[in-house]
Amino acid sequence: MSLRKACKVFSLRSSVYYYRQVFKSSDDEIRAELILLADSNQTWGFWMMHNRLKNLGFGWNHKRVYRIYKSMRLNLRSKRKKRLPARIKQPLVRPIYPNVTWSMDFMHDSLENGKSVRTLNIIDDFNREILNITIDSSLPSAKVISQLEQLIEWRGKPEKIRVDNGPEFIAEKMKDYCNKENIELAFIQLGKPTQNSLIERFNRTFRTEFLSVYLFENIKQMRNYAEIWMWMYNNERPHSALQYLTPRDFLLKYGKLNQNSANEFPTFQQNFNNDNNKILSKNSTFECA
């Protein structure tokens, strides 16, 4: 039977039979960009990647990017525990200016040799910017005060610092320092970490994208790595709570800065061999000397 007669029997147009899907060349470009983002940021989902591409100047429609994203099987499976609703809800007021409220908290991790280390994380609640990550084997209240003094000298003094009831924060040295600098030390209620949810949310990102991804040989290497990650977080990573802008872009857009006071609220700057093209990945290596 001829092809024409066969198509007539099955009521099929010959043009449909001969049709071959033509892949657009720009789809390969989208795949390449998605692969780069997926390799360097294993915890990012679709909207994080799409808004990062948008911030880089690509004008691809989100439906098209999502189609390719799904075909590459990059979608993350979300496994979250079912949580009971909060019994007592206290609103967390977001400041409308920088340097109004900072949030501060500790985290724990261990090095390759099993040695325990602690990190002191400080963010600005206005634009969720990382102001400081201090890493050491021990961080007593005197060390916390020293880090605050350096940070205030560089960034300026906040009106309030929100903390939990850790021994370093309730120490008399800490209270005396804040009273001297006229800074309100706002303590959350016991057993209510959600009242400090901004820093707790950052801690989750810091855990999943930094502490749980890399294994460090010593504290020096960990500090070098943290310095690079901090710059990427503030300048490249879109933040869902900031209209998918980076903390730096949100500060410049909504921080009430004018051209004559662009340095009024300085931000953490990149400082690793002036290599602006350096990509942070699992295979990255750093000098520890």
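Mentor: The model is predicted, so local features need pLDDT of at least 70 and side-chain atom pairs count only at pLDDT 80 or more, while totals for chains, interfaces and linings use all residues. Residues are numbered from 1 along each chain as its sequence is written, and side-chain values use heavy atoms, with hydrogens and water left out.

Trainee: What makes helix 4 oblique to helix 5?

Mentor: The axes of helix 4 (residues 46–55) and helix 5 (residues 62–71) come within 11 Å and cross at roughly 125°. Angles under 35 degrees count as roughly parallel, over 145 as roughly antiparallel, 65 to 115 as roughly perpendicular and the rest as oblique. Helix 4 is therefore oblique to helix 5. Helices here are DSSP runs of H or I with at least four residues, and strands are E runs of at least two, numbered from the N terminus. Axes are lines fitted to C-alpha atoms, for helices over the stretch in contact, and angles run from 0 to 180 degrees between N-to-C directions.

Trainee: Which residues of helix 4 and helix 5 make the contact?

Mentor: Contact means heavy atoms within 4.5 Å. Phe-46, Trp-47, Met-49, His-50 and Leu-53 of helix 4 make the contact with His-62, Val-65, Tyr-66 and Tyr-69 of helix 5.

Trainee: Why is Gln-147 called buried?

Mentor: Buried means under 20% relative accessible area, exposed over 50%, and partly exposed in between, using a 1.4 Å probe and protein chains only. Gln-147 has a relative accessible area of 12%, and is therefore buried. Its place is in helix 6 (residues 141–155). Leaving aside neighbours within four places in sequence, Gln-147 is in contact with Leu-120, Asn-132 and Thr-134.

Trainee: What makes helix 8 oblique to helix 9?

Mentor: Helix 8 and helix 9 pack at an angle of about 120°, with their axes 12 Å apart. Helix 8 is therefore oblique to helix 9.
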